[in-house]
Amino acid sequence: MRRCRLFLLAAGLLALLAAPVRAACLPLLSDGQMSSLSASEDPTLFGLDDRQEAADSTRLPYSAVCKLLITYQNGTHGEGTGFIYGENVLATAGHVLYDESGERGGTPLKIEIIPGAKEEQRPFGSYLAVPGENSCFYTPERWRTRRDWRYDYGVIALQTAFSPEAGMLDLGHYEDYSEEALKNTKLSILGYDAGSFSPLLAQGNVQQVRPFDLLYQIGILPGQSGAPVVDADNQVVAIQNYGVSLNDGERALRWNSGARLNKTAYRFLSSCRSQSALS
């Protein structure tokens, strides 16, 4: 898979646009009274669970949202979410595609991709991605080598196309989604909880827009890492990653955080799609 290795080198250059910071360092840029309290955590609910189960997973946007079943190098298993945004490419969180914690070994052995999964149904089939055999796993160099939270996103590129009936989601172009345009925007997070095959819809407003992520109090749970965060036009504006605790000076506030499709992220995902095109 020489093509994969060459692309990883090129993709790594795109990531060298900012100095590295610790994953725990998440200052709120729009409020000088707030600073980071702790490292990234699991995403959380805020009060009552008001998420809704999708009635029909065979229609967009849910048909392009995928349940991910992960097998790590040490034989353990995990779950995540991803979304199709090209004929053979899927975007997700970087820590879904490269995770050394718990002796998982970095790149997974394989990931089963199930578009539009609904209970035990696989309306568009499933795809087994084995890196180096039938697929390439792309993550920014800064994620693989430094666990830089600002670059926690990645791509699976298959050697075969997904079912065209599943459709795909569009990436919101960074020039159309400035900080001002994103403030207070209503968002939807589409994903799968760990242990569940039912796609869920969670909605709420952006509450903090930062250069590399969006913060919101939209309730989700583990398993939704890599879920698309979309606006009212179903344009992807972020990729769900973490829960974050921040200090306002008197108390800890919890947020969920999505990797913003800024210029660097947008170009990375677009480059992966172009380099991996089947025709």
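Trainee: Which residues do ring pairs link into a cluster?

Mentor: Look for aromatic rings that pair up and share partners. In this predicted model, ring pairs join Tyr151, Tyr153, Phe212 and Phe268 into a cluster.

Trainee: How many aromatic pairs does a search of the whole structure find?

Mentor: The search turns up 6 aromatic pairs.

Trainee: What kind of pair do Tyr127 and Phe162 make?

Mentor: Here the angle between the planes decides, and over 60 degrees counts as edge-to-face. The planes of Tyr127 and Phe162 stand at 75 degrees, with the ring centres 5.0 Å apart, so this pair is edge-to-face.

Trainee: Are Tyr127 and Phe162 buried or exposed?

Mentor: Both Tyr127 and Phe162 are buried.

Trainee: Back to the cluster, then. How is the pair of Tyr151 and Tyr153 arranged?

Mentor: That one is tilted, with 50 degrees between the planes and 6.5 Å centre to centre. For burial, check the relative accessible area: under 20% means buried. Tyr151 has 1%, so it is buried. Tyr153, at 2%, is buried too.

Trainee: Which ring does the charged end of Arg147 sit over?

Mentor: For this feature, look from a charged group to a ring. The charged end of Arg147 sits over the ring of Trp143, 5.8 Å from its centre. Arg104 lies over the face of Tyr72, at 4.4 Å from the ring centre.

Definitions and conventions: Residues are numbered from 1 along each chain as its sequence is written. This is a predicted model: local features need pLDDT of at least 70, side-chain atom pairs count only at pLDDT 80 or more; totals for chains, interfaces and linings use all residues. Side-chain values use heavy atoms; hydrogens and water are left out. Rings of Phe, Tyr and Trp (its six-membered ring) pair if their centres lie within 6.5 Å; planes under 30 degrees apart count as stacked, over 60 as edge-to-face and the rest as tilted. Buried means under 20% relative accessible area, exposed over 50%, partly exposed in between (1.4 Å probe, protein chains only). A charge sits over a ring if NZ of Lys or CZ of Arg is within 6 Å of the ring centre and within 35 degrees of the ring normal.
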